[in-house]
Amino acid sequence: MSSSPIQGAGFAAAQAAADAARLVATVARETDGWPRAAGVAAQATALADRLDELAREDAEAFAAALAALEASSGDLTIRMDRAAEVPLEITRTAADVCETAALVAERCDGVLRADAAGAAALASGAAVATAHLVRANLVVSPDDPRLVQALRAVDDARFWTKRALDAGA
Amino acid sequence: MAGDAELVRRCLDGERAAWDELVEQYSRYVYAIAHQGYRLRGPDAEDAFQEVFLRVYDRLGSLRDPEALRPWIAQLTRRVCLDRLAAAGRDEPSDLEPTGVEQTMEDLDEAFAVREALGELPEECQEVLDRFFCRDESYRTIGEELGIPSGTIASRISRCLGKLRERFEGRNEPPGGSGEVKA
């Protein structure tokens, strides 16, 4: 079954987290006198690239799931599973953006700290949004390990975002 | 990992294990040039692969600078791939080089050099960088799999990247040999 990609909440969240990761990379690159800044910038860039790819995958998975749902097709469960797995991966990756942002916020130039903290907040919002998509998926039960993992990633995202926001406060 | 000059010396001394090592070290590189650079597929790629290592075996003694083993193998591979393309029926030399092959070669050389530098890092750095950049694992997964405390993964990756950069830059200065073979 083929269907055009649909840019829903998962796509938007992944794009937002990717933008946040790129902002973290920029702040790291602009920070003087921190020997590991280049390495952290490279990590943030890798996270942004991964999230761009996940955004594309989510749009495809979401469209395929909707098409399967409308057609009551035999592969509905497979499509719905996929539509849960991609948002879970976005949640995990967004949480990593939050951690990287916190690392940068605690070491960057003071004038750039708010940007790093803002990036953490953006990525944290993306993590919350995509964890909700995992929860809302029809094939995900309350005790599904994927939901447990998504909620744990949200906890991580919130923890690191608080660290980022507290940096220099 | 032994240097290329040492590897060449051992091969020329007739050490069987050294030949195995050379093939192991360069097989992915040769295959990548054939596959990505010259778009050879299936039996063509396999034949080119075999032909390259046969030529390496026959001609290694003609390599002027043993440190230039990689560019020499790259050049051999390119010639073999062009021979395969010519044999496939296109006989105008100007048509044989696929578009973008120079950029592909540069990318492959860089990837190979990074991979070599990565192999010189401590095991823990190799592991953590491979998991993050090649396997796309999350910080939490890496921490759980390797028993590294949460909250230290990003920092550890950046430290390992710093070591990789030192190794990589050390490898690339000063410039190495020309890769030319004897006429």
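Some conventions to begin with. Residues are numbered from 1 along each chain as its sequence is written, while chains are lettered from A and ligands numbered from 1 in the order in which they are written. As the model is predicted, local features need pLDDT of at least 70, and side-chain atom pairs count only at pLDDT 80 or more, whereas totals for chains, interfaces and linings use all residues.

On confidence, the predictor gives an ipTM of 0.86 and a pTM of 0.78 for the complex. The average pLDDT of chain B is 86, and 89% of its residues score at least 70; pLDDT is the predictor's confidence in each residue, from 0 to 100. Residues 175-183 of chain B fall below 50, and this stretch has 18 contacts in the model beyond near neighbours in sequence. Two residues are in contact if their C-beta atoms, placed from the backbone, lie within 7 Å.

Now chain B itself. It has 9 helices and 0 strands. Both kinds of element are DSSP runs, numbered from the N terminus: helices are H or I with at least four residues, and strands are E with at least two. Of the 183 residues in chain B, 24% are buried. Buried means 20 or more other C-beta atoms within 10 Å of the residue's own, exposed means 12 or fewer, and partly exposed is in between, again with C-beta atoms placed from the backbone. Among contacts in chain B with a separation of 6 or more, 69% join residues 24 or more positions apart.

Chain B is divided into domain 1, residues 1-99, and domain 2, residues 120-174, with bounds from an automatic or database domain assignment. The C-alpha centres of these two domains lie 31 Å apart.

Which elements of chain B give two or more residues to the side that touches chain A? The contact takes 12 residues from chain B and 15 residues from chain A. On the chain B side, those elements are helix H8 (139-146) and helix H9 (153-171). H9(B) has the largest share, 7 residues. By class, this side has 5 nonpolar, 4 polar and 3 charged residues. Ala, Val, Leu, Ile, Met, Phe, Trp, Tyr, Cys and Pro count as nonpolar, Asp, Glu, Lys and Arg as charged, and the others, Gly among them, as polar.

Two loop residues in chain B have a positive phi. Arg39(B), in the loop between helix H2 (16-37) and helix H3 (42-59), has phi near 55° and is not a glycine. Arg39(B) is partly exposed, because 14 other C-beta atoms lie within 10 Å. Asp136(B) sits in the loop between helix H7 (123-134) and H8 of chain B, and its phi is also near 55°. With 17 other C-beta atoms within 10 Å, Asp136(B) is therefore partly exposed.

Over to chain A. The axes of helix H1 (residues 9-30) and helix H2 (residues 37-71) of chain A come within 8 Å and cross at roughly 170°. H1(A) and H2(A) are therefore roughly antiparallel. Their contact divides into 19 nonpolar, 3 polar and 4 charged residues.

Last, Ala150(A), in helix H5 (residues 145-166) of chain A. Is Ala150(A) buried or exposed? Ala150(A) is buried, because 27 other C-beta atoms lie within 10 Å. Not counting residues up to four places away in sequence, Ala150(A) touches Leu88(A), Thr91(A), Ala131(A) and Val134(A).

Key:
Axes fitted to C-alpha atoms, helices over the stretch in contact; angles between N-to-C directions. Parallel < 35°, antiparallel > 145°, perpendicular 65-115°, else oblique.
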